[in-house]
Amino acid sequence: MDLTVWRTFVTVCRLGSLSAAAAELHHTQSAVSRQIAGLERQLGVSLVERHARGVCPTPAGEVFRRHALATLNEADRAVRAVRDARDGAASRPLAVGATPSLAAGIVPEAIRALLERDRAVRWSLLPGLSPDLHQRVIAGDLDLAVVTDAPPGLPHDPRVERRFLGLDEMVVALPLGHPHAGRGPVHMRTLAEQTWVEDNDGSAALLRQHAARAGVSARIDLAAADLLGKLALVATGHAIALIPGVLTGALRTDVTTVSLVDAPTRGVYTITPHRDPHPTAPLLLDRLATAFAPAGPTDS
């Protein structure tokens, strides 16, 4: 069987959408549909079922997905090994994932400390949200990911090893000149009437939970596509925002922060695959643990 079709099927299952898979694979949606239909004819069984919000694997499709994913991972590792041998590389590049706030400072610093010990290490860094990074570790795209347990939380997955690094205390990002800039800690009740901006469901859930504990509600009137957009809206005075404390040292100069009374926290973890671990991953894990030790924070 053609592994290209297998890869298409696995991508459809991961994204839950034929159109999203087509976009990621640079195919047309009709081409993706034909590949799935051809695979179903070869196997003599329905692999996906369509519903109003997209597609999902059938029970037979889920069985095939797991085996197909394992096969594709092995094939990718084989290609990488051959290319490394051809190029004379000692090992494959270390592929690291991190949530946006961690990728903005702590993780690059840990990688720098790693390179000071061994300049020969080749590496890449992929920012993303925790659920996506978890899936990429499982898929073999990442050797290590730094994630958080912010809502919806981290799954208990026997395919990965999870290591707790620390807790990150959330803070509020404010534009320069805001009445609460330079003060604090501030009680959530004093910020209840402010306009808030959020860029992902996990951070919004933390904000709503904290406000509910204070007996108020947060007015999340603005939405941003990502962390950079969120901070841009803060800097220009349109809103304030809940952000990870680990991001404080990497903020743009026109944004400041204030701490909260009884601030919400998120746990920061590393996840690595049990199978085929990268030989350099333990060294980076040690650097990350050291980075979190002094201040005791972490992120999601």
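User: Let's start with R252: how exposed is R252?

Analyst: R252 is partly exposed, with a relative accessible area of 36%. Buried means under 20% relative accessible area, exposed over 50%, and partly exposed is in between (1.4 Å probe, protein chains only). Keep in mind that this is a predicted model, where local features need pLDDT of at least 70, side-chain atom pairs count only at pLDDT 80 or more, and totals for chains, interfaces and linings use all residues. Residues are numbered from 1 along each chain as its sequence is written, and side-chain values use heavy atoms, with hydrogens and water left out.

User: OK, what does the side chain of R252 meet?

Analyst: It's D254: the two side chains form a salt bridge, at 2.6 Å from N to O. A salt bridge here is a side-chain nitrogen of Lys or Arg within 4 Å of a carboxyl oxygen of Asp or Glu. D254 is partly exposed as well, at 27%.

User: How many salt bridges are there by this rule?

Analyst: The count comes to 13. Another one pairs R163 with D286, at 3.9 Å from N to O. That pair links distant parts of the chain, with R163 in strand β6 (residues 160-169) and D286 in helix α10 (residues 281-292), 123 residues apart. Helices (H or I, at least four residues) and strands (E, at least two) are DSSP runs, numbered from the N terminus.

User: And what about E62, which residue does E62 bridge to?

Analyst: E62 forms a salt bridge with R65, and their closest N and O atoms are 2.8 Å apart. Both sit in helix α4, 3 residues apart, which is about one turn of the helix. E62 is partly exposed at 24%, whereas R65 counts as buried at 16%.

User: Switching topic: how are β1 and β2 arranged?

Analyst: Strand β1 (residues 48-51) and strand β2 (residues 54-57) run antiparallel, joined by 4 bridges. For two strands to pair, DSSP has to find at least two bridges between them. A hairpin of 2 residues connects β1 to β2, and R50 stands opposite V55 in β2.

User: Last one, helix α3: why does its length make sense?

Analyst: The expected span is 1.5 Å times one less than the number of residues. Helix α3 (residues 29-43) has 15 residues, so it should span 21 Å, and its end C-alpha atoms are 21 Å apart, which agrees. Its buried residues include A31, V32 and L39. Just after α3, G44 takes a positive phi of about 70°.
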